[in-house]
Amino acid sequence: MDFDPGQPIWLQLVREFTRRIGTGDWPAGHRVPSVRNLAAELGVNPNTVQRALAELERTRLAVAERTAGRFVTTDTALIAEAQLGSAQAAADAYVARARGLRLDQDAALALVARRWHVGSPTDPSTTTQENR
Amino acid sequence: MSTAPALEIRNLGRRYGPIAALDGLDLTLDAGRIVALFGENGSGKTTLLKIVAGLLSEYTGEALIHGHAPGPESKAMVSFLPDQSFLPDTVSARTAVSMFGDFFADFDAARAFALIAELGIDAHRTLKTLSKGQREKVQLALAMSRRARIYLLDEPISGVDPAAREVILRTILTQYDPGALVVISTHLIADIEAVADAAVFLRAGRVLFAGDADDLRARHGMSLDRLFRTTYQNPVRS
């Protein structure tokens with residue numbers, strides 16, 4: 001993932017990890033990768049990773065087991081909420097743009113319905129960093 | 001374990017003739033962090049690192065490395081990567097590894113060989129046949145293969161291409177012991193935004209400001225790179 005260095009990086013990691021849990025990239029009940037591995041994978045400071053994982057524990061998306069490590073929650077309601085939460089920022093951005101273009105709600109929703117099929121993962125023109 | 005900070009510097013001064021390279025510098029750094037050291041040319045970065053590394057003995061004020069003044073005890077804890085080549089041209093990486101093994105009791109030769117291989121360098125080739133980026137990687141591998149408590153890396157990514165920079169920074173991230181302190185001096189701020197978790201800005205031989213990297217971003221609403229540019233556009237107050 002690419003970071004926006006203008007914003008605290010730990011918060012961007014919280015969003016990224018929340019997305020991974022919400023989408024099932026990190027499946028429910030599975031072990032969360034180690035701080036060291038995440039730091040190496042993302043090219044980011046281990047303390048920053050640690051701070052983001054502590055936040056996941058605070059929001060109960062991850063649970064620390066004393067000796068076995070850190071695990072993704074098995075609470076499906078929380079995971080569903082994480083998935084929606086990750087989508088919400090994108091939805092907010094779209095709503096703001098649609099309003100700026102003077103679309104009303106019906107027109108904006110109709111456009112989403114019409115464009116829905118374009119977002120298939122096999123379509124390279126719509127692949128984003130989120131799919132990597 | 002001592003509770004002294006990894007690095008405690010008080011009122012540190014060093015002059016070169018009429019020029020004050022360091023002018024009453026105060027700085028405390030704790031272990032377990034990767035600290036980015038920023039500053040314009042001549043702001044005192046290299047002088048500071050050399051004093052802490054025990055290579056410059058003439059200074060005023062105090063520099064304590066885990067409670068020890070620079071000397072044999074502190075040198076045993078500090079791995080210093082200078083900004084210039086420190087290895088003879090005619091030796092191979094393999095020979096350089098054995099030289100390091102002779103010099104430093106905490107040097108891990110197996111780790112150095114593994115790192116050199118990982119960085120894609122043939123250890124049998126003499127250094128003069130390597131590119132600048134490859135030589136910098138060899139020197140970094142040597143410096144990171146000491147089991148030191150403090151690593152001082154002076155411009156480890158300057159003068160190499162962006163791909164090599166990324167490899168070098170990943171190496172620093174994956175090789176460092178979480179209980180150690182790593183100080184990286186660089187003017188390539190954008191490249192180490194995510195690698196460092198703390199930043200120190202020097203100007204005219206003093207600390208302009210220092211702090212947690214994400215706290216600085218939150219407080220100023222900008223990247224460290226932007227903060228540096230904004231800060232250093234303003235003239236020095238005299």
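Predicted model: local features only at pLDDT ≥ 70, side-chain atom pairs only at ≥ 80, totals over all residues.
How many helices and strands are there in chain A?

View 1. Chain A has five helices and two strands. Along the sequence, their order is α-α-α-β-β-α-α. The C-alpha trace spans about 55 × 30 × 30 Å along its principal axes.

**View 2. Burial and contacts within chain A.** Chain A holds 132 residues, and 22% of them count as buried. Take the contacts in chain A between residues at least 6 apart in sequence: 57% of these join residues at least 24 apart.

**View 3. The side of chain B that touches chain A.** Here 21 residues of chain B are in contact with 15 residues of chain A. Helix 6 (162-175), helix 8 (213-220) and helix 9 (224-233) of chain B are the elements that give two or more residues to this side. Helix 6 of chain B gives the most, with four residues. By class, this side of chain B has eleven nonpolar, two polar and eight charged residues.

**View 4. Helix 4 against helix 5 in chain B.** The axes of helix 4 (residues 109-118) and helix 5 (residues 132-144) of chain B come within 9 Å. They cross at roughly 150°. Angles over 145 degrees count as roughly antiparallel, so helix 4 of chain B is roughly antiparallel to helix 5 of chain B. The crossing is right-handed.

**View 5. Residues at the contact of helix 4 with helix 5 in chain B.** Helix 4 of chain B contributes Ala112(B), Leu115(B) and Ile116(B). Helix 5 of chain B contributes Val138(B), Ala141(B), Leu142(B) and Met144(B). The contact has seven nonpolar residues, no polar and no charged ones.

Terms used. Residues numbered from 1 in each chain as written. Chains lettered and ligands numbered in written order. Contact = placed C-beta atoms within 7 Å. Nonpolar A, V, L, I, M, F, W, Y, C, P; charged D, E, K, R; others polar. Buried ≥ 20, exposed ≤ 12 C-beta atoms within 10 Å, placed from the backbone. Axes fitted to C-alpha atoms, helices over the stretch in contact; angles between N-to-C directions. Parallel < 35°, antiparallel > 145°, perpendicular 65-115°, else oblique. Left-handed = near helix turned anticlockwise from the far one by under 90°.
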